[in-house]
Amino acid sequence: MVCLLTLTLTASSFPAFAQDKKVDDALENPVAISLVGIMIFLLLVIIQLANILLTVAKNKLEKEKQNRRGPATIVTFILMILYSVTANAQPEPPVGDTEFSFGNLSATAFYLMISVILIEIVIAIAMLLNIRKMVDTEKQAKPALLKEAIATKKKSLVSWWDRINRFRPIDQDTNIDLGHEYDGIRELDNRLPPWWLYGFYLTIFIGVIYFWRFHVSHSAPLSVEEYEISVSHANEEIKLYLSKKGEDINENTVVLLSSSEDLAAGKAIYLKSCAICHKENGAGEVGPNLTDDYWLHGNDIKDMFRTIRYGVNAMPQWQNSYSNKQIAQVTSFVKSLHGTNPPNAKSPQGKPEAEAMPATADSAVVQNIPTP
Amino acid sequence: MTKQPPKTESGNLSVAQTEKFYYDNAIVRAFGFATIAFGIVGMLAGLWAAIQIYYPQSSLGLAPTTFGRMRPLHTNAIIFAFVGNASFAGIYYSLQRLCKSRLFSDRLSWIHFWGWQLIIAAAAITLLMGKTTGKEYAELEWPIDIAITVVWVIFGINMFGTIFKRREKHLYVAIWFYIATWVTVAMLHIVNSFEIPVSFLKSYSWYAGVQDALVQWWYGHNAVAFFLTTPVLGLMYYFLPKAANRPVYSYRLSIIHFWALIFIYIWAGPHHLLYTALPDWAQSLGVVFSIMLIAPSWGGMLNGLFTLRGAWDKVREDPVLKFMVVAITCYGMATFEGPMLSLKSVNAISHFSDWTIAHVHIGGLGWNGFMAFAILYYMIPKMWGTSLYSKKLATNHFWLGTIGIVIYAVPLYWAGFEQSLMWKAFTPEGQLKYQFLETVNSIRPFYILRSVGGAMYLIGAFFMVYNLYKTIRSGVFIANEAAEAAPLIKLPNTKNEYWHRILERKPATMLVLSLIVVALGGLIELIPTFLIKSNIPTIASVKPYTPLELQGRDIYLREGCYTCHSQMIRPFRDEVARYGEYSKAGEFVYDHPFQWGSKRTGPDLAREGGKYPDSWHYNHMYDPSSMSPGSIMPAYSWLLENNLDTGSTAAKIRAMQKLGVPYPEGYANISNKDLMRQADSIAANLKKDKINTASGKEIVALIAYLQRIGRDIKSAPEQVAVSQSNENNK
């Protein structure tokens, strides 16, 4: 199991390469893979538990038959079997689907997987409780029989365990004693557990393949290539989304908004992100006064939109935090603060306001931003 | 069933005459007590730091107790004081018995002991004072580095002296691990500590930027491997079979996993630098060798757990074995998780988040802590000739510790995963969905839970202190434990001896061979990174720091900012959107030491320069929540009061020149003039925003540095040359 998991996880580190759109396939999503891993693990646990439960139940049933105790136990028995059936019939998680992403995983897929895991946990707990209950009643009834049942089960488990590890019976230890002795510590000549050894070979093999793909055949993307792929992919998605939505506000098309909803939304954003430096009333502190007639980077709606969107000098850019619509809202709100004459206002900075002042050279500073 | 060996190798049994000698328990007792004392101190420091993360006021507003200084204190105390002393105690206890000989020299033993404790005391004081090299787990300044080297050599002489005068022909597997530990730690410590002293307690790393990062994580990763893993595996190989009274499961497995482990471990360091500016080929080597590391690590776990075959009933009874079983299991989990975290796709989520912290504490609390507890519970009753005062209390300690680990780790895993996904979330319009602070606030409850788990673990440790105290009171200390064994005499070697048996007779060969095996990986990764130019493409616009910025950078180091802030923007869409253009190798060529960091409790600062006005930084340092409501960053109000020590500027510039930073000839002598000019301009700038500060305060230097970070390629045409430094802030 472990090796399998390793393999899946390693495979996931080769995100589908290059041009095609397969990058966000949920199968390659590490979140999805780890969740699937957890589901498989829990499934194995449940199967194991179901086996134990069945053995215990069968044993109990046989014993009950002898004792003629009545139908109640049969019901339990059937219930048990039902449990194990549900356990084995776990729905497979759906894969794919985009839109809302939770760590690049669609919300539906994520919640489905989480609920599958939750259901699995509930089932496992229910089975454990049942086993416990049965064992308890058995204990009261006749411990010997139960012990026998558990012993047989244990034996088969143990032999399976012994087999995969190539264990030798403990009472034959003396045959493989190497005769080394250090302060009473002796050493045995046990063989290497085969799964360990082949696992080791497998990891070496994976390592070679990994290196070969990244640095010889170049069939897997290096960090920067991976970045470029993800950005171009995201840009396409955004374009598609915006074209569907029909929103095309930008610094060339933006207009002053005056509806009370827009101004209220703008105010909320202002209080959250701007008021720290410009004060709640726009009087300015760390940042300049927004209520007076003086402006560093222009007071035209388009200039202000640009200043907020891309930032200037110490003014941070907000394009990665707020949509253009939101930036238009907050710009409109800021314009509404003009002339409010708040107390303790910061002294003027910049040039006095003029109608439609052209953008200064200053305001085109920021370059390196990947514009969607 | 182990009493009747079918065959016995000749050597000691054939000689009738035995010698009497005494094991030195006094030194083991000393190291054992130091383990307990520093364990408690280190855990307390950790708990305090953990509380500060969600309640920053608990730093009491004092410089020495802020998170940035407590965290290095915690890590150094746990690694070098707690686990270090525990390893020395266990090694000195087991080495004597495995070699059938008293330690080589009592005097060296005690120099080793007191030297190590002095180093720890010096470390604690200097770290709290803010004297640090700024390199994780190697924070100690150069005089202490030299002291560590000397004490380590003394430890080596004592260990090899004991091995050479042994009365046992072959070296047991535990000793192989001790040898590998000694030689590798020596190599790592010396190479990573190359630094150029500026003053008595200040130095700059010899390496810069990418190279410094590679050396540091080659060291950092293998400090985990060879200070926290191999010595403890050695202890496991001695104390587990002793406590369980069972033979070691497989000698073959011991050989294979030992050599594979020490060979492969060394290569894996770059997995701490995935997606960074480190050359891709080095990153890939780190990934590949991490994957291959699973099996060798698990070999140790299997050999430990399988040794318990036939003794599991004892595990139910004996607290020593209980602790060991959980320790080994945690070792197995951590060493499986580690390679998984090295896969790039997983690392993209886990790195810089609390996931890593959880991972490390599975190893630290589970493997190292529980192993240390186990050997203390084993050795102390034996050395006092009595039995443990209360098995029940020890069992309670065990359960409290185990549950503590779970409550510590699970919330942090969750927190790391959740925060990382929040960092990466975009709206469909293409904007980041969450502000950084929102992601921090969403995981605060997990931070609280984590500290509860840690507190439980600590309370468990107090149970142990009481239990051991009562045990000691009930017995009489055996300072010199009598033993006898036949001396080693030269006998013709058995023919057709297994090849490794021959090696086990030759400790010096073993030492050399180990060194070769561990040196290989490091050499192959380090040398090309240093010598091949194309690995770090230079960028013309990247210039050395101005004197004021350099001073500010040293304040950044002193306050341990790197413990919470990274300076490495990885090429991810979300990081570029959040922080700016991803980091390039050529940007760091004058960074002695590099400050990429390993954790983002706060946001990345690699493009902090110019992001906010000077006054923002001033207010933010005085009270972070005034500029970032809900921030968990502590206040640094003393920076506003303290005067900048300009007396050190010239020495710092000269040291940098020696390291190859191209300041003009004789610049050191006039550097303070430039420094004052730039400081005055920042003070004037602050004044515009109604903040009055003298230009000679530390805050001014720090602002200068923060406003510089990442600007060299951000605004390429802007000149930030040394002589015209005041251009920097407009």
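Reply: Helices here are DSSP runs of at least four residues and strands are DSSP runs of at least two, numbered from the N terminus. With that in mind, the part to look at is the loop of chain A between helix H6 (194-215) and helix H7 (223-245), where A:His218 is found. Please keep in mind throughout that this is a predicted model, which scores ipTM 0.87 and pTM 0.79.

Is A:His218 buried or exposed, or something in between? A residue is buried if 20 or more other C-beta atoms lie within 10 Å of its own, and exposed if 12 or fewer do. A:His218 has 13 other C-beta atoms within 10 Å, and is therefore partly exposed.

B:Asn245 is found in the loop between helix H7 (230-244) and helix H8 (251-265) of chain B, and because it has 12 C-beta neighbours inside 10 Å, it counts as exposed. A further backbone feature of chain B is the peptide bond from B:His592 to B:Pro593, which is cis, with omega near -5 degrees. B:Pro593 lies in the loop between helix H21 (573-579) and helix H22 (614-622) of chain B.

Returning to chain A, there are ten helices and four strands in it, and 32% of its 372 residues are buried. From the N terminus on, the elements run α-α-α-α-α-β-β-α-α-α-β-α-α-β. Among contacts in chain A between residues at least 6 apart in sequence, 71% join residues at least 24 apart.

A hairpin of chain A shows another positive phi. Strand E1 (residues 177-182) and strand E2 of chain A pair in the antiparallel sense over three bridges, and A:Glu181 has A:Arg186 in E2(A) as its bridge partner. Two residues lie between the strands of this hairpin, in which A:Asp183 takes a positive phi near 45 degrees. Along strand E2 (residues 185-188) of chain A, A:Ile185 and A:Glu187 point one way and A:Arg186 and A:Leu188 the other way, yet all are buried.

Further along chain A, the axes of helix H8 (residues 260-278) and helix H10 (residues 324-336) come within 7 Å and cross at roughly 90 degrees, so H8(A) and H10(A) are roughly perpendicular to each other. The residues that make this contact include A:Leu263, A:Ile269 and A:Tyr270 of H8(A), together with A:Val330, A:Phe333 and A:Val334 among those of H10(A). By class, the residues of this contact divide into seven nonpolar, five polar and two charged.

H22(B) is mostly covered, with eight of its nine residues buried, among them B:Trp616, B:His617 and B:Tyr618.

How many residues does each chain bring to the contact between the chains? Chain B brings 74 residues and chain A brings 65. On the side of chain B that touches chain A, helix H9 (residues 280-292) of chain B gives the most, with seven residues. By class, that side has 39 nonpolar, 18 polar and 17 charged residues.

Finally, a word on confidence in chain B. The mean pLDDT of chain B is 90, and 95% of its residues reach 70 or more. Over residues 1-15 of chain B, however, the pLDDT is below 50, although this stretch has 23 contacts in the model beyond near neighbours in sequence. Residues 716-730 of chain B likewise have a pLDDT below 50, with 33 contacts in the model beyond near neighbours in sequence. Where pLDDT is low, the predicted coordinates should not be read in detail.

Notes: Residues numbered from 1 in each chain as written. Chains lettered and ligands numbered in written order. Predicted model: local features only at pLDDT ≥ 70, side-chain atom pairs only at ≥ 80, totals over all residues. Axes fitted to C-alpha atoms, helices over the stretch in contact; angles between N-to-C directions. Parallel < 35°, antiparallel > 145°, perpendicular 65-115°, else oblique. Contact = placed C-beta atoms within 7 Å. Nonpolar A, V, L, I, M, F, W, Y, C, P; charged D, E, K, R; others polar. pLDDT = per-residue confidence, 0-100. Pairing = 2+ DSSP bridges.
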